[in-house]
Amino acid sequence: MAGSDVGKQSISNRQRMVWIGQTFVVLALVWLALNGLDGWWFGLLAASVGAVVGGLLASGQPHPWRPHRLAGFALFFLVESFKGGIDVAWRAFRPDLPINPEFHRCRLDLPEGQPRTLMVSVISLLPGTLSADLSDDGRELIIHTLMPEAMDSVWRLDARIRHLFSLPAAEAADE
Amino acid sequence: MNFQDGIAVVLLIAGCFFYLAGTVGLLRFGDVHSRLHALTKADNLGLMLVCAALAVLAADWRISALLALIWLLGLLAATVSAHLIARHARRGWE
């Protein structure tokens, strides 16, 4: 028991270190965009402090993302943004207003932290879905849809997020 | 007007179209949640197209990166405020 606990702890610490590194890279890039190379040493210092403090204060288990899979996720998000915007614009301008709003309950199997936060945030930007409420334990999400078929994109997003964070595939997704 | 300006104008007009569509949806859809759909999704695309047009006009990597950052912050604000409004509306009715 104790041995497996120690193993788990070191994996968790390694993930936290990777997460701190990723936060540092993102902060340094934002600094570079804002200031260019003027005062780069101060930018590096600020990014380091931000990453370490953020990493230490992050609650729960940090989930580092796979940098090489971010491009695929970004592309998926761009395509879905276009579909979502065009879909809702078409519905807004049609004289007969073809919307059929309803609520859906769905179980969230993604781990707490970045994966779940990303899921809840991005759902509202996908075509026809809006995350309307999250139960207090964070396991159940209420999704508002403009048309019944919109729920398909929620499962595609779930699979994408699992891929981005290298999480095991969902068992409940095909229920 | 050169080719670059032409692309920027097309992107700007498309961006304004989606902002208009979002506002039309906000006025025409019947309930709070449907209205939020129009605001989040149409404005997200509108802001993306306007930022893309400005990036084409600026033709500078740093300004483009800043515009991308502005878009991401706009997305974050839109999705968080939409979720909070939707949750409040739902819990208020129960």
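Visitor: How do α3(A) and α1(B) lie to each other, oblique or roughly parallel?
Guide: Helix α3 (residues 67–93) of chain A packs with α1(B) at an angle of about 50°, their axes being 8 Å apart; axes here are lines fitted to C-alpha atoms, for helices over the stretch in contact, and angles run from 0 to 180 degrees between N-to-C directions. Angles under 35 degrees count as roughly parallel, over 145 as roughly antiparallel, 65 to 115 as roughly perpendicular and the rest as oblique. The two helices, α3(A) and α1(B), are therefore oblique.

Visitor: What kind of model is this?
Guide: Residues are numbered from 1 along each chain as its sequence is written, chains are lettered from A and ligands numbered from 1 in the order in which they are written, and side-chain values use heavy atoms, with hydrogens and water left out. Local features need pLDDT of at least 70, side-chain atom pairs count only at pLDDT 80 or more, and totals for chains, interfaces and linings use all residues, this being a predicted model.

Visitor: Which term describes how α1(B) runs relative to α2(B)?
Guide: Helix α1 (residues 3–28) of chain B and helix α2 (residues 32–58) of chain B have axes 8 Å apart and pack at an angle of about 165°. That angle makes α1(B), relative to α2(B), roughly antiparallel.

Visitor: How many nonpolar residues does the contact of α1(B) with α2(B) have?
Guide: Ala, Val, Leu, Ile, Met, Phe, Trp, Tyr, Cys and Pro count as nonpolar, Asp, Glu, Lys and Arg as charged, and the others, Gly among them, as polar. Besides five polar and three charged residues, the contact of α1(B) with α2(B) has nonpolar residues numbering 20.

Visitor: What is the centre-to-centre distance of the aromatic pair W31(A) and F42(A)?
Guide: Rings of Phe, Tyr and Trp (its six-membered ring) pair if their centres lie within 6.5 Å, and planes under 30 degrees apart count as stacked, over 60 as edge-to-face and the rest as tilted. W31(A) and F42(A) form a tilted pair, with 55° between the planes and a centre-to-centre distance of 6.0 Å.

Visitor: Is W41(A), which pairs with F42(A), exposed or buried?
Guide: The pair of W41(A) and F42(A) is edge-to-face, at 5.8 Å centre to centre and 85° between the planes. Buried means under 20% relative accessible area, exposed over 50% and partly exposed in between (1.4 Å probe, protein chains only). F42(A), at 43% relative accessibility, counts as partly exposed, whereas W41(A), at 55%, counts as exposed.

Note on methods: Helix = DSSP H or I, 4+ residues; strand = E, 2+ residues; numbered from the N terminus.
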